[in-house]
Structures are given as structure tokens and as C-alpha cells.
Amino acid sequence: MTNPALRESATFDRATIAGIQRAAETGVYDIRGWGAKRPLPHFDDLLFLGASMSRYPLEGYRERCDTDVVLGDRHAKFPLHLDIPITIAGMSFGALSAQAKEALGRGASEVGTSTTTGDGGMTPEERGQSKHLVYQYLPSRYGMNPTDLRKADAIEVVLGQGAKPGGGGMLLGQKISERVAGMRTLPAGIDQRSACRHPDWTGPDDLTIKIVELREITDWEKPVYVKVGATRTYYDVKLAVAAGADVVVVDGMQGGTAATQDVFIEHVGIPTLAAIPQAVQALQELGVHRKVQLIVSGGIRTGADVAKAMALGADAVAIGTAALIALGDNHPRYADEYEKIGSAAGFYDDFQDGRDPAGITTQDPELAARLDPVEGGRRIANYLRVLTLEAQTLARACGKAHLRNLEPEDLVALTIEAAAMARVPLAGTDWIPGNGR
Amino acid sequence: MATVTPVSSKVDLSTSSVRALNAELHEPAAEAYEVLHPQGAHAIAAGVHHPVTVDIRGHAGYYCAGMNDGGTITVHGSAGTGVAENMMSGTVRVHGDASQSAGATGHGGLLVVSGSASMRCGISMKGIDIVVGGDIGPMSAFMAQAGRLVVCGDAGDALGDSIYEARIYVRGKVNSLGADCVEKPMRAEHLSELAGLLGAAGLDHDPADFRRYGSARKLYHFAAHNSDSY
């Protein structure tokens, strides 16, 4: 038993000490997957005000609470009409196995929502199993080609992601199989860098022209999303709308990554909670809230998170890390194997090294074969159904017949920080810090 | 009675729109098109995926011939940013100069710029062949993955920075090489492939006058001892 007189430093805690020791031994910064792990103001710091005398609830098992959402009806001939407002975020083939990508497509399709490619192109497995597939247009342009662009249901121009706004990517050589390398036109086994800036445009004015080009190539059929990592969200959303985005995707700092420097993940960007009101304000000031749809990602775990994001003004959410967990990531059944590679179930974040015991973030054929895409798809569909049911439960309690009808007035905050960021009152008060009252 | 496919067709962008032009080019009724009064419009002939011939009589704006896949497209003037970006196959010729990011991320096909090309020419190229009759600007062939870039004039700073497997041939002066880009010996096979590229571009320079540049392959794996290079 630990001597109770021993006192751990709050400044140099055990994780910090281990980090310093690791840096001294290796001379390389820590690269890992997952998103920010530090405590942050989040959706847990918000509560719904259920109906009582002043509001009229809906009967939970009798009255409808609809969940569908139309994305991209500003300019596109064929906007996406999803049955639920919970989408699968962009994750690359390369970062994930082909089986995992297929499972995500199967699960999303079963419940009528979309999944998204990633840095590395579109696989036939994913396209084949995805009813609604969003094709990411990234700075690396790995695997980008007009044939797949025409096969996509929407195009997502990625400027950044919440785990590393302003940063590029690095898929380490151990995950570069012949197939991954072939799709990216690079030698197998070498580290593959993804640039942080697009190669043929440099600012919002250029982006406007780039979006027109993408629309021209696809005959104005596809919705065009613009995805940003949450930083200067108010300005970024305004510029994205001005550039012609049909949908803006805002990814908070809890959003996941397959491989990024730990220092980047933990110290760049703002929490999802702080980003949403900025994005909504920008859309409202431009008069396009609900016309240019807002998708929010970064730390969505439960139906409560879904409902809270939508109450703050999002039209839909996207999940990444949670979807991997639903597939089996960090499952206790692999406890022994996690231990062998220096991790533990519930802590595993070395998505970059390709040794994932769950067979999800790997290109090792034997490990990848552990994930059955059909069973994985069933798990994803189950999880998405639970998220939807939970969100509906909360919406009905607030008297809402559609998830999109949730509103900030339905929420209060538990902490001053959350109240200030989410711009809702501190519970039991009418005080919203920062609004001048 | 069978309809006869018209051999050629003219589209005047002073009276028609780029949208109408591209819609026609995506489902072409003719084998050849002449685009009049392009007036620097953007995305002219973007997304061509049939073996049509397109002659643009004047200057083109951004992303002319973007993602071309099989078309033979000629700009009888200069082209703006990103001409032939992400080209898959076919040929794009610019008789004048090209702005930034010419041939960016191209997977295949041949891009010929008779004049000079601005910075970032061939950035992230993935198999395209690019021949520039004049000079190219700085940061060209940045992270170039595959394909060949031929420069008959001079190259600006940081040529081939972080280059992968693309090959670069320069006839004139190179201001500076980027990280991990080095000069390499010209062997017989390089002289031969360069002669072929020059021939395809319609240029009669002597391949022996060129120098070859490519990756030293020292940065293919991230390592602490290379930190000065990043």
C-alpha cells in the first residue's frame, strides 16, 4: 500500500514525469492517437430543463420525435437526406483497416446516416457498403480522383481537424501496406506525411474558386462541406460560408486523430462546447443558420451529447472515437494483449503504431481479420440507435417533436466556465457570464 | 435516320457560361471544341473525362482543365492557378505562362507550359509529367511523389523540398534545393526518358544539357537526428 505521507506533485504528476523521462530517452516527441485527454468543459457541464408547468412534454412511447436532417440544400442538386443527425466522421483507410471502414459503412447505412472517407481515398468496401458517403478533399490529395469524386454523395473540403488545427499528418511506415501505399502513390513502409495546407489554394478567396471547380467537376450535384478544427471558429465559419460551403463541420479539440503529437492534441484548439455558439452566432449573423447546416464533432459519446449539441444550434453531429469504441476499440477482452504492448484496456491510444489488438487501427492482416465487418456494422448500428433513442428521450422531455427543435433555452450550465462557453445560464440563475448582464 | 456526331463545336464564353460549357464537355456531342473569349474565367474544361479536344482561344483563370481525365486541352494564352490540377490522363498545353500550382497533385497525363510557371509547380505530383519551356518558381515539386518535372529554364528556391519518388530535370540554374532533394547522376535511362518527354512537348533541347534531381530518401522515416531538416 502506498505510504500516505508520500505526496504527488500536481505540477509534476506521474504522467508528466513519465513524459519527461520518455523524451530524455528517445529524443522524439510523443505521437499518439485519440483526442485531447485533459479535463475540459464539456457537454457533461450542461443539463436540460425538462418540461413541468411552463413547458409541455411529449409522451415518450406514444408521440413522435423526428430525427431526420437534410444536409447541403443550399446549392447542390442532390442534398443528403439522413434519417438521423448522427454521422460517422472522416477516418482514413490507412489509419483504419479496410474491415473497419466497411463496418462503419454498414452500420451507418443500416440506420440511414452517412459515413466519411479520410486521408487516403475511397475504398470499394466503404463505397459499396455506404448508402451515403462523404468524400474528403484533403491537402495531401492522397487517392483523390474525379471518378470517386463523382461516386461520392457529398464532398468535404478539410481545412483542419480538432485534434490538430494548423497541423498536417503523419501515417507511420508500419501502417503503410502495399495496398495503402498504392492508393497514396508512395513506396510501402515509409512514413507518409500529409501537408497542413492545400497545394493549390491559399485563402478564403481561393477556396471560393476551388469550391466552384469541385462543383463544376461534379455538375453541381454534390453538397460541399467545409471542415475546420475549432480555433477562431466565429471567423472561420463566416469565411467558409462566404466561400460557398453548403455545410460547415466544426471539430472541437476532443476530436480524435490517428497520429498526432501529444503536445499538439492537448494544447491547440478550443473545446467543442466553446466552438458551437461561435459557429451558430456566425451563421445567424449571416442569416444562414439552418440554411447552411452545422455539423459538430469532438467528444460526442451519448445521446445527451447529441441533444445538447443540437440544442446549442448544430444540425447534426459526427462521431469518430466513439464509433471505434463501439467497434471494439479498448475492449476488456483484449486486456492481456494491451498489456503486452505497454497499454491497457481503456487507455489504448497508440493508433499510430499499427498493433491494435482489436484490429481496427491496423493494416496487419491477422489483426485486421479479427474485426468482422458484418458484426462490426451491427455494433455501429446498435450504438447509433441508442444515441438516437437517448436524444429523442431528452427532446421529448423538453416538449420537442423534432430533435432540431431543441434550443439553448432548454439548457443550463453547471459551471461558470461552461455557462460562459455555451452561452446558457448557470443553473438556478439567469446569469450568462460574458453577455454583459 | 442515324444522327451524325458533329466533328467540332464552338462555345463563346462571352455569350455562354462555364457551366454550360462544362456540362457539354462532360457529355460531349462533338469530338472537338473551340472555346472563344474565355476572358480568364475559372474552371474552364474542369472535369473532362472523355477523349475530346478543347482549344481555349485566350487566357484561362484558375483550375483550367482541373482533374482532366483523357482530354486534350490547349490554352492559347496563359493559365491561372492550378492548371491541370490533379490530372489523371490526357494532355494539357499552355502556350503562354502558368500561375501557381500548375499540375498540382496530378496522377498522370502530360502538362506542357511553353512559357514559365510560377511557384509550387508540380506540388504533390503523383505521376503526372510536366514540361516547362521556361522557368519555374520557388517551392516547386514540394512533396512530389511520382512523375517527372522537366524545366528548360531556371528553378526557384527550395526545389523538390521533401520530395519522394518524382524525378526532376532542370536545364538552367537551380536557386536552391529543398530538404532531402539532391542532384543525381544522369544515366542512359534518364537521358532516354528525358528525350521522350521533350519530344512529347515538342521541344528540341539536348537532354545532355539537363541535370537530374531527386530524393536522397533520408527523411522517409521520422527520426530525431533529422530534426534540423524539418
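Trainee: Which residues of helix 10 of chain A meet helix 14 of chain A?
Mentor: This is a predicted model. In it, Gly303(A), Ala304(A), Val306(A) and Ala307(A) of helix 10 of chain A meet residues of helix 14 of chain A, among them Val386(A), Leu387(A), Leu394(A) and Ala395(A).

Trainee: How do the residues of the contact of helix 10 of chain A with helix 14 of chain A divide?
Mentor: They divide into nine nonpolar, two polar and one charged.

Trainee: At what angle do the axes of helix 10 and helix 14 of chain A cross?
Mentor: The axes cross at roughly 55° and come within 7 Å. That angle makes helix 10 of chain A oblique to helix 14 of chain A.

Trainee: Left-handed or right-handed, the crossing of helix 10 and helix 14 of chain A?
Mentor: The crossing of these two helices of chain A is right-handed.

Trainee: And how does helix 2 of chain A pack with helix 14 of chain A?
Mentor: Helix 2, residues 98-110 of chain A, packs with helix 14, residues 373-397 of chain A, at an angle of about 45°, and the axes are 7 Å apart. That makes helix 2 of chain A oblique to helix 14 of chain A. The crossing of helix 2 with helix 14 of chain A is right-handed.

Trainee: Which residues make the contact of helix 2 and helix 14 of chain A?
Mentor: From helix 2 of chain A they include Gln99(A), Ala103(A), Arg106(A) and Glu110(A). From helix 14 of chain A they include Pro373(A), Gly376(A), Ile380(A) and Leu384(A). By class, the residues of this contact of helix 2 with helix 14 of chain A are nine nonpolar, four polar and four charged.

Trainee: Another pair, then: how do the axes of helix 7 and helix 9 of chain A cross?
Mentor: The axes of helix 7 (residues 233-242) and helix 9 (residues 272-285) of chain A cross at roughly 40° and come within 8 Å. Helix 7 of chain A is therefore oblique to helix 9 of chain A. Helix 7 passes helix 9 of chain A in a right-handed crossing. The contact includes Tyr234(A), Val237(A) and Val241(A) of helix 7 of chain A, and Ala275(A), Ala279(A) and Ala282(A) of helix 9 of chain A. In that contact of helix 7 with helix 9 of chain A there are seven nonpolar, three polar and one charged residues.

Trainee: Let us turn to the interface. How many residues of chain B are in contact with chain A?
Mentor: 39 residues of chain B are in contact with 24 residues of chain A. Helix 1 of chain B gives the most to the side of chain B that touches chain A, with five residues. By class, that side of chain B has 16 nonpolar, 17 polar and six charged residues.

Trainee: Which residues are buried in helix 1 of chain B?
Mentor: Val18(B), Leu21(B), Asn22(B) and Leu25(B) are buried in helix 1 of chain B. Seen down the axis of helix 1 of chain B, its buried residues fall within an arc of 90°, so they line one face of the helix.

Trainee: Why might such spacing put residues on one side?
Mentor: An α-helix has 3.6 residues a turn, so residues three or four places apart point the same way.

Trainee: What covers the buried residues of helix 1 of chain B?
Mentor: The cover includes helix 6 (204-217) of chain A, together with strand 1, strand 2 and strand 3 of chain B.

Trainee: What does Val212(A) touch?
Mentor: Val212(A) lies in helix 6 of chain A. Not counting residues up to four places away in sequence, Val212(A) touches Gly244(A), His42(B) and Ala43(B). Val212(A) counts as buried because it has 22 C-beta neighbours inside 10 Å.

Trainee: Which way does phi go for Trp220(A), positive or negative?
Mentor: Phi of Trp220(A) is near 60°, a positive value in a residue other than glycine. Most residues other than glycine have a negative phi. Trp220(A) lies in the loop between helix 6 and strand 11 of chain A, and with 17 C-beta neighbours inside 10 Å it counts as partly exposed.

Trainee: And Asn86(B), buried or exposed?
Mentor: Asn86(B) counts as buried, with 30 C-beta neighbours inside 10 Å. Phi of Asn86(B) is near 55°, a positive value, and the residue is in the loop between strand 4 and strand 5 of chain B.

Terms used
Residues are numbered from 1 along each chain as its sequence is written. Chains are lettered from A and ligands numbered from 1 in the order in which they are written. This is a predicted model: local features need pLDDT of at least 70, side-chain atom pairs count only at pLDDT 80 or more; totals for chains, interfaces and linings use all residues. Axes are lines fitted to C-alpha atoms, for helices over the stretch in contact, and angles run from 0 to 180 degrees between N-to-C directions. Helices (H or I, at least four residues) and strands (E, at least two) are DSSP runs, numbered from the N terminus. Angles under 35 degrees count as roughly parallel, over 145 as roughly antiparallel, 65 to 115 as roughly perpendicular and the rest as oblique. A crossing is left-handed if the near helix is turned anticlockwise from the far one by less than a right angle, and right-handed if clockwise. Two residues are in contact if their C-beta atoms, placed from the backbone, lie within 7 Å. Ala, Val, Leu, Ile, Met, Phe, Trp, Tyr, Cys and Pro count as nonpolar, Asp, Glu, Lys and Arg as charged, and the others, Gly among them, as polar. A residue is buried if 20 or more other C-beta atoms lie within 10 Å of its own, exposed if 12 or fewer, and partly exposed in between; C-beta atoms are placed from the backbone. The arc is that of the directions from the helix axis to the C-beta atoms.
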